[in-house]
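Please look over the sequence and the structure before reading the points below.

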Amino acid sequence: MFFQQSLRELREEREENLTNSLLERLQKGGIELSWLDWLLGERSIFIWLPKGELWSVLVHEAILNDSTFHRQGAPCYHFTPCEEIKRVASDIELSRRYLASLPSENRFDFKTISGRSELRFFRDKPLEPCPLCLEAYRGGGGGQKPLDFNEVHGKNLRKFYGKEREREWNRLASELIKIRHHTCDICQKSHPKESLHVHWREDGRVEIVCKNCERRI
């Protein structure tokens, strides 16, 4: 029991250090979406950090073909699971490069390419929000609710979802279990889906826990 507890403490220390490094990178430019554990909520795009925290992020296309850039202009940023983001989620190989980020201001990095040559790099460029994301944010009624940039990302999932959203939370919990490949975060063993559940810790982290380990929490 003592050995198992020591291993868990070492793992949590490693996960905390990695999470802090990822958060810093997310705040200073972003991380390629394909490198992260990410999932779609009803109104947000979430990433699951190694420490067990879920954060809502902004997503934008980081590499554009130069002809596309001249035709359509700069990319927009996404903050809800609009049709484009759903297509990205279904693209297993992520043939287009998207970045997830947690910027404090409307400033993003992207570049244009032609063939294999990089043509231009844009740093700290303000982007427009995705029109479909904006419509969802305003309730789909065509209203003119002003967009609060810092309101649509950066939330810890526990603060974002209350008990009234329990049905959606159950759906997200099922996705989290898939991301962890049906593995308990405590004993590190694989279990049938029905033997696992998502456990909120007092410190706000999320864990996948099997029935055996649940008895020891």
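Residues are numbered from 1 along each chain as its sequence is written, and side-chain values use heavy atoms, with hydrogens and water left out.

**Confidence**
- The chain has a mean pLDDT of 81 (pLDDT is the predictor's confidence in each residue, from 0 to 100), and 82% of its residues reach 70 or more.
- Where pLDDT is low, the predicted coordinates should not be read in detail.

**Overall make-up**
- The chain has seven helices and twelve strands (DSSP runs numbered from the N terminus, with at least four residues of H or I for helices and at least two of E for strands).
- Of the 217 residues, 47% are buried (buried means under 20% relative accessible area, exposed over 50%, partly exposed in between, with a 1.4 Å probe and protein chains only).

**An open sheet**
- Three strands make an open sheet with mixed pairing, in the order E6-E9-E10 (two strands pair if DSSP finds at least two bridges between them).
- Strands E6 (63-65) and E10 (117-125) each have a single partner strand, so one side of each lacks a neighbour in the sheet.
- E6 and strand E9 (residues 108-114) run parallel and are joined by three bridges; Leu64 has Thr112 in E9 as its bridge partner.

**Nonpolar cores**
- The largest nonpolar core has 35 residues (a core is a set of buried Ala, Val, Leu, Ile, Met, Phe, Trp, Tyr and Cys residues joined through side-chain atoms within 4.5 Å).
- Leu26, Trp38, Ile47 and Val59 have the most contacts inside this core (contact means heavy atoms within 4.5 Å).
- Elements that each supply at least two of its residues include helix H1 (2-27), strand E5 (58-61) and helix H4 (131-137).
- A second, separate core of 19 residues includes Trp169, Cys184, Val198 and Ile208.

**Positive phi angles**
- Asp124, in strand E10, has a positive phi of about 55° although it is not a glycine; Asp124 is partly exposed, at 41% relative accessible area.
- His181 lies in the loop between helix H6 (166-179) and strand E11 (196-200).
- His181 is not a glycine, yet its phi is positive, at about 55°, and His181 is exposed, at 63% relative accessibility.

Conventions: This is a predicted model: local features need pLDDT of at least 70, side-chain atom pairs count only at pLDDT 80 or more; totals for chains, interfaces and linings use all residues.
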